[in-house]
Every structure is written in C-alpha cells, then in structure tokens.
Amino acid sequence: MNAFKEHCRRSLTSIRDQGRYRIFTPLQKRADDFPYYGRPDGARVLVWSSNDYLAMGGHPVAVNAACLAARTMGAGAGGTRNISGTSPVHDELEAEVADLHGKQAGLLFTSGFVSNQAALSTILNSAPFGADQPWQVFSDAKNHASMIAGIKGSRGIVNIFRHNDTAHLEALLRAAPKAAPKLIAFESVYSMDADIAPIGAICDFAEKYGAMTYLDEVHAVGMYGPNGGGVSERDGVAGRVDIIEGTLAKAFGCHGGYITGDAEVVDFIRSTAPGFIFTTSLPPMTAAAALASVRHVRQDHVRRAKLFERAAALKSRFDAAGLPRIESISHIVPLHVGEAALCMDVSQRLLNEFAMYATPINYPTVARGEERLRFTPGPMHTDAMMNELVAALLQIIPVERRRAA
C-alpha cells in the first residue's frame with residue numbers, strides 16, 4: 001500500500017509540473033439563467049463549454065416531465081431492469097430513440113461511456129465463427145476513451161486506422177483474414193477536433209469487406225439531420241450503419257446513453273452485457289425528462305438551426321480578430337493554445353478576470369502541443385456575449401499565439 005501511495009504522489013507531482021492537473025471549477029448550473037452559471041459567492045459566470053448544446057437541460061418540457069415522474073415514481077429506479085422491473089417510460093424512451101435513428105430497437109444505459117464500453121466489449125467477446133476466429137476491429141485513431149475501453153476489454157484483434165483516412169482503413173480491411181468477423185468503430189462528430197467522419201465512404205468499405213459498422217453519434221444526435229438523428233441521418237446513410245450509439249446527456253440536456261440497431265443484435269447485448277445487466281437502471285424521472293426532451297427536439301427545427309447559426313457567428317468573430325481557431329466543420333469551435341500550462345492559465349484568467357469559463361483541453365485528451373480551449377456556442381449565446389468573449393481573449397492570449405487577421 002505504501003509503495004502504491006508513493007506512486008500516486010509521484011504521478012500527481014508530475015502531472016502538476018506539466019501544467020495539466022485537472023481542477024474542478026465550482027459552478028452551479030442555473031436552469032432559468034443558462035448559459036450563466038453561479039459561483040459559490042453568488043457571482044454569475046458565462047459558460048462557453050457546456051455540452052448542453054441546445055439548452056434543453058433547463059427547458060420546461062424536460063424539467064416538468066422530471067418533476068412529474070419524480071412525484072409519481074420517486075427519485076431512483078431501485079435496482080437493475082431485472083430486479084425492479086422496467087418502467088413503461090424506459091420502454092417508451094427506447095422505442096423513441098430507435099425511431100429517431102430508423103432502427104428496430106434501442107437499449108438504454110446509464111451513460112454514453114457505459115453504452116460504448118458495454119456494447120463493444122460484448123460484441124467483440126462473442127464468437128460468431130468459433131473461438132479460433134476472433135473479431136478484427138478497425139478503430140479510428142481518435143475514437144473516444146469509452147470506445148477504446150470497450151475494445152481493449154475484449155478479445156478482438158485491434159487495427160487502428162488514421163483519423164478519417166478511408167484509404168488506410170481499406171488497406172487494413174484488405175489485409176485482415178477474410179474469414180474473420182469484422183467491425184469498424186468510429187464517431188460522426190469528433191468533439192476535440194470538431195471534424196466529421198465520411199460515414200458513407202466507411203459504409204462502402206464495410207459492405208465491400210463484410211464488416212459491421214458501429215457509429216458513435218453522441219456529439220451529433222439532436223442537432224444534425226431533419227429530425228436530429230445525427231450526421232448519419234443528415235447524410236442519408238443511417239440505414240447502412242448497423243449500430244448507432246448516442247447520448248441523452250448533450251443535446252437532449254438530460255442523462256444516459258443508448259444503442260440502436262437490429263432487434264436481435266440489441267436483444268443479444270441486453271441479454272449478455274455485464275455493463276447493462278449488473279447496474280442500476282436510469283431513474284424513471286431521468287428517463288421521463290429525456291423522453292420529453294427527445295420528442296421536443298425532434299420537432300424544434302428553429303432551435304437546431306439557431307445552434308449552427310451561433311457557431312458560425314463565433315467562428316467569424318474569432319477569424320476577424322486573428323484568434324488561432326482550429327478549422328471546424330461542426331458546431332464545436334476549438335481555439336489552439338499549444339501549451340498545457342498556458343492553456344490552464346488562459347482558462348483561469350478568463351474565469352477570474354472576465355467571469356467567463358471555457359474548458360482547457362490538455363494531454364492526454366489531445367496530443368501534446370495541441371492543447372486548446374473548446375467553445376460550444378448555443379442558441380442562448382448572444383452577439384453581445386460573443387463580442388465580450390473576443391475582447392477578453394485578445395487581452396489574455398499573447399500576440400505571438402495569434403494568427404494574421
């Protein structure tokens with residue numbers, strides 16, 4: 001035990017020395033004042049990095065549904081879906097997200113992380129062609145930690161293809177044993193680089209080489225596509241993707257994760273995934289809030305359009321000011337800093353001197369030298385707020401870190 005404690009001490013000292021020690025900023029979300037949060041002293045802070053992309057977390061539709069369900073069914077689920085039974089709201093929510101993605105079935109998990117970890121490990125630990133033919137999994141180099149955890153927790157043979165590089169993906173598929181089961185795991189919107197996968201092209205290669213496709217849409221559901229079904233819906237390729245995974249904790253403003261797909265595949269995961277079977281289910285009040293939010297967002301085309309208009313407005317202001325914006329084709333707006341300690345300093349100064357908050361993104365979330373601030377402007381961020389943000393950043397970010405305006 002003493003040796004391990006010393007290891008912890010040395011590791012933490014090293015992390016602090018590198019300027020990437022994670023500090024939790026005490027901020028309290030305000031449902032009726034979003035995107036402002038409260039500090040312990042009562043001061044208001046304008047938050048620029050929330051994943052509550054559409055400001056649905058405080059929307060009356062979601063809040064009222066949660067309150068009504070809590071009064072009716074209580075605060076917690078009381079156990080797993082097997083132990084305490086399945087609430088009708090769980091079934092309704094699974095049917096709703098399945099319909100959102102045009103799939104036969106859906107399955108709820110306690111978070112997006114758990115849904116990826118549990119579903120991928122369960123699939124890749126199966127043996128559809130016998131134990132002597134393990135899965136060959138093809139994973140994008142910038143996949144989320146939850147996908148990596150699910151893949152590493154399996155017996156699958158891992159092939160990592162360069163980020164969004166379909167030529168490299170095909171080369172790996174071509175070199176893999178023809179008889180082995182294959183799965184391609186990738187995301188639609190990559191939240192740190194703010195770019196988007198070529199889903200259609202990946203599906204082309206999946207069909208050519210007989211591979212399943214597993215798509216993480218957590219940073220796209222609710223926002224992209226005619227109904228908020230994600231980039232796969234926007235691009236008209238959702239029907240070509242075998243499993244679409246999503247979250248209820250970002251654009252829908254609630255909590256939980258899910259997968260959708262063929263009914264038998266989803267039922268197999270429901271019946272065999274430890275990460276589903278042995279954990280307490282989502283509280284009914286949370287599921288009720290999420291169900292109300294999903295139904296509302298699917299019809300609220302104005303809110304979704306406003307998100308993208310606001311993202312374009314902030315990108316334009318950053319560019320006009322010569323701030324070092326990383327190119328983005330999504331709603332996420334990253335600003336390059338390039339040094340862990342400086343990234344932390346910029347974030348802290350923005351908070352302490354200007355009452356604004358943007359999350360510093362350091363290694364290992366991004367590679368060393370790629371440290372950045374990540375901005376997620378939403379429907380409630382006004383032009384005046386953006387102007388104040390740009391003015392503050394121009395005072396904080398050193399001139400040598402900017403680019404020509």
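Hi everyone, let's start with two helices: the axes of α4 and helix α5 (residues 145-152) come within 7 Å and cross at roughly 25°. Axes here are lines fitted to C-alpha atoms, for helices over the stretch in contact, with angles from 0 to 180 degrees between N-to-C directions. That makes α4 roughly parallel to α5, a label for angles under 35 degrees. Helices (H or I, at least four residues) and strands (E, at least two) are DSSP runs, numbered from the N terminus.

A quick word on the source: this is a predicted model, where local features need pLDDT of at least 70, side-chain atom pairs count only at pLDDT 80 or more, and totals for chains, interfaces and linings use all residues. Residues are numbered from 1 along each chain as its sequence is written, and side-chain values use heavy atoms, with hydrogens and water left out.

Who meets whom between those helices? On the α4 side, the residues include Phe 113, Leu 120 and Leu 124, and on the α5 side they include Met 147 and Ile 151. Contact means heavy atoms within 4.5 Å.

Now the sheet. It is open, with 7 strands in the order β4-β12-β11-β10-β7-β5-β6 and mixed pairing; two strands pair if DSSP finds at least two bridges between them. β4 (105-109) and β6 (157-161) are the edge strands, each with a single partner, so one side of each has no neighbour in the sheet. From one strand to the next, the twist averages 20°. β4 pairs with β12 (residues 257-261) in the antiparallel sense over 5 bridges, and Ala 105 has Gly 261 as its bridge partner there.

Our friend α4 (residues 112-124) packs on this sheet, touching β4, β5, β7, β10, β11 and β12, and its direction makes about 170° with that of β10. Helix α9 (residues 263-272) also packs on the sheet, touching β4, β11 and β12, at about 25° to the direction of β4.

Finally, the cores. A nonpolar core is a set of buried (under 20% relative accessible area, 1.4 Å probe, protein chains only) Ala, Val, Leu, Ile, Met, Phe, Trp, Tyr and Cys residues joined through side-chain atoms within 4.5 Å. The largest has 56 residues, and Leu 93, Phe 138 and Leu 173 are among those with the most contacts inside it. Which element gives the most to this core? That is α11, with 7 residues. A second, separate core of 26 residues includes Tyr 36, Phe 318, Leu 350 and Phe 375. Thanks, everyone!

Technical notes. Buried < 20%, exposed > 50% of the residue type's maximum accessible area, 1.4 Å probe, protein only. Parallel < 35°, antiparallel > 145°, perpendicular 65-115°, else oblique.
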